[in-house]
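Here is a report on a two-chain protein model.

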Amino acid sequence: MPLDLGAKGSCQIGGNVSTNAGGFRLVRYGSLHGNVLGLEAVLANGDVLDMLNSLRKNNTGYDLKHLFIGSEGSLGIVTKVSILTPPKLSSVNLAFLACKDFFSCQRLLQEAKRKLGEILSVFEFLDIEAMDLALNHLEGARNPLPPSIHNFYVLIETTGSNESYDKEKLEAFLLSSMEGGLISDGVVAQDINQASSFWRIREGLPEALNKAGVNYNYDLSLPVEKMYNLVEDMRARLGGLARVVAYGHLGDANLHLDISAPKYDDKILAQIEPYVYEWTSKHRGSISAEHGLGLMKANKIFYSKSPETVQLMTSIKKLSGGEYDFD
Amino acid sequence: MKIMVAIKRVVDYAVKIRVKPDKTGVETHNVKMSMNPFCEIALEEALRIKESGLATEVVAVSMGPAQCVDTLRTGLAMGADRGIHVEAARELYPLTVARVLKRLVEVENPGLLILGKQAIDDDCNQTGQMVAGLLGWPQGTFASKVVLDKEKQIATVDREVDGGLETLCLDLPAVITTDLRLNQPRYATLPNIMKAKSKPIKKYTPEELNVEIKSDLEVVQVTEPPKRKAGVILSSVDELIDKLKNEAHVV
């Protein structure tokens, strides 16, 4: 299944399709818009829309299945799905790295795309606050790197068909990045157990945030070079009121911004919203990269979509037999 | 003092094992292979002893096909100083491995030979004991703690035994096999991976060491354990007694 996300233990594929779930490997396999070949959906009026086929190419009119992917059930319920599943490759390598600043993370991503190329399968980042949270609140979590203060951490995974070739390629890339000053330290997992312990840190962040108190979370798509500026602005705005934690799918320019506090407080919320949405809108980013709108963010849609677009969406909604509007 | 550590390349501990359709063994094609976890612990202990100043060199040894070099490189990346690869294409059983290790010990003269207590592919738990017997060296197996006294040239080993812990004092040179609680192995860091590339790995063939690869053992068949049958819920003690008597024939 060309999709991997933290909720994999409990989520359902139909739901993944309806929400256009992203996850850790979008950087390698692309989004569900590329991997869903066909689907069957049931509209609000009971009509069964059969768009189910396993064709790679089918340019016979509008490709309506794309409307259902990510429409969060508002156009219909996805009942059958045909997914393009790539062959499972056996050689997986995982590295946990430390970078001194965000600019290095950004450069490292560029280099990874160039030098690791087709074998790159994961590129995640977390900042010092996120790492601190993970180590303090996750049972059994251990810092993969020798104890030292690092500002940023990056998780890189490669997936390919040749174990020794991939390992050599990854090590050569990591060593040259280290010599070039992009990485200040790093470790490479030598077996699956070590790899799981690296993943525990990144995958466990939502759990750690829940244990640490309450959190306001934001899932944003932003230009990579501007991304961390928002985090720093947010820290300046909140001061000692709350803790700002940043991590996410850097390979997709997707930031998970979490503001952690002991309890909910309108003073905190006032500092965050609408500032975070306005900031994102100003940079033509997305106020919901992969998490969707749901009910909570439905009225925020205008930060990332023009009124004319929303109007057309409402019309399509009406045509499909539904009753309520987006705005 | 030099420490020699034997490490084995096995199917990764986290992999779901499948038996080959011809029942001659377990599927290893395209399956992730890694250093045996107990061997990792053995190497970690050797490195800690060296870092405490009680040893000057750690030599990692592995036997098997060409890919063993990958496992040795991992060992070097953890911090071993040198590697030795004894190339053998055929299946190696504990007695043969013990004979090869004895020859290497005679060449290298280490003060300590550390191995994992067993390999997770065959679970033999024999090699350490056999090589100690062949060398006439004392052995401390299932070690959960090792303390060296350089002055007196002894190793004090806490062993995990069925009844609890047993403490032995061994005169060096000695053989130690490691158990799970001895230590938590370190990760291979990038600076060490870089250094490992220039560390030497010496190659031997069994013939050069005057050891014949033969075995008095032959694997006849490998099968999965029988699938567990569902249990039966009984309605009364009488029914239980009846089943124990007439079906299970144990009463």
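The text below takes these topics in turn.

**The interface**

This is a predicted model. Chain A brings 26 residues to the contact and chain B brings 20 residues. Together they bury about 2,100 Å², with carbon and sulfur atoms giving 58% of that area. Three residues stand out on the chain A side: A:Arg142, A:Leu175 and A:Gln190 supply 29% of the area that chain A buries against chain B, more than any other three residues.

Polar links cross the boundary too. There are 9 residue pairs in polar contact between chain A and chain B, counting pairs with both residues at pLDDT 80 or more. The side of chain A that touches chain B draws at least two residues from each of β4 (91–99), α7 (163–179), β7 (185–188) and α8 (192–203). Of these, α7(A) gives the most, with 7 residues. By class, this side of chain A holds 12 nonpolar, 7 polar and 7 charged residues.

The count of salt bridges between the chains is 2. One of them joins B:Lys32 to A:Glu163, with the closest N and O atoms 3.6 Å apart.

**Strand pairing**

Strands also meet across the two chains. β7(A) pairs with β11 (residues 188–189) of chain B in the antiparallel sense, over 2 bridges. Here A:Val188 stands opposite B:Ala188.

Within chain A, β8 (residues 214–221) pairs with β10 (residues 254–261), again antiparallel, over 8 bridges. A:Asp219 stands opposite A:His256 in this pairing. β8(A) is largely enclosed by the rest of the structure, because 6 of its 8 residues are buried.

**Salt bridges within the chains**

Over all chains, the whole structure has 35 salt bridges.

| Pair | N to O distance |
|---|---|
| A:Lys80 and A:Glu40 | 3.5 Å |
| B:Arg181 and B:Glu160 | 3.0 Å |
| B:Glu247 and B:Lys243 | 3.0 Å |

The A:Lys80 and A:Glu40 pair links β3 (residues 76–83) to β1 (residues 36–43) of chain A, with the partners 40 residues apart. A:Lys80 is partly exposed at 42% relative accessible area, whereas A:Glu40 is buried at 14%.

B:Arg181 sits in the loop between β10 (174–178) and β11 of chain B, and B:Glu160 sits in β8 (residues 154–161) of chain B, so their bridge ties together parts 21 residues apart in sequence. B:Arg181 is exposed at 62% relative accessibility. B:Glu160 is buried at 18%.

How values were computed. Residues are numbered from 1 along each chain as its sequence is written. Chains are lettered from A and ligands numbered from 1 in the order in which they are written. This is a predicted model: local features need pLDDT of at least 70, side-chain atom pairs count only at pLDDT 80 or more; totals for chains, interfaces and linings use all residues. Side-chain values use heavy atoms; hydrogens and water are left out. Contact means heavy atoms within 4.5 Å. Buried area is the accessible area (1.4 Å probe) that two parts lose on being put together, summed over both. A salt bridge is a side-chain nitrogen of Lys or Arg within 4 Å of a carboxyl oxygen of Asp or Glu. A polar contact is a pair of N or O atoms within 3.5 Å; within protein, one must be able to donate a hydrogen and the other to accept it, and residues adjacent in sequence count only if both atoms are side-chain atoms. Helices (H or I, at least four residues) and strands (E, at least two) are DSSP runs, numbered from the N terminus. Ala, Val, Leu, Ile, Met, Phe, Trp, Tyr, Cys and Pro count as nonpolar, Asp, Glu, Lys and Arg as charged, and the others, Gly among them, as polar. Two strands pair if DSSP finds at least two bridges between them. Buried means under 20% relative accessible area, exposed over 50%, partly exposed in between (1.4 Å probe, protein chains only).
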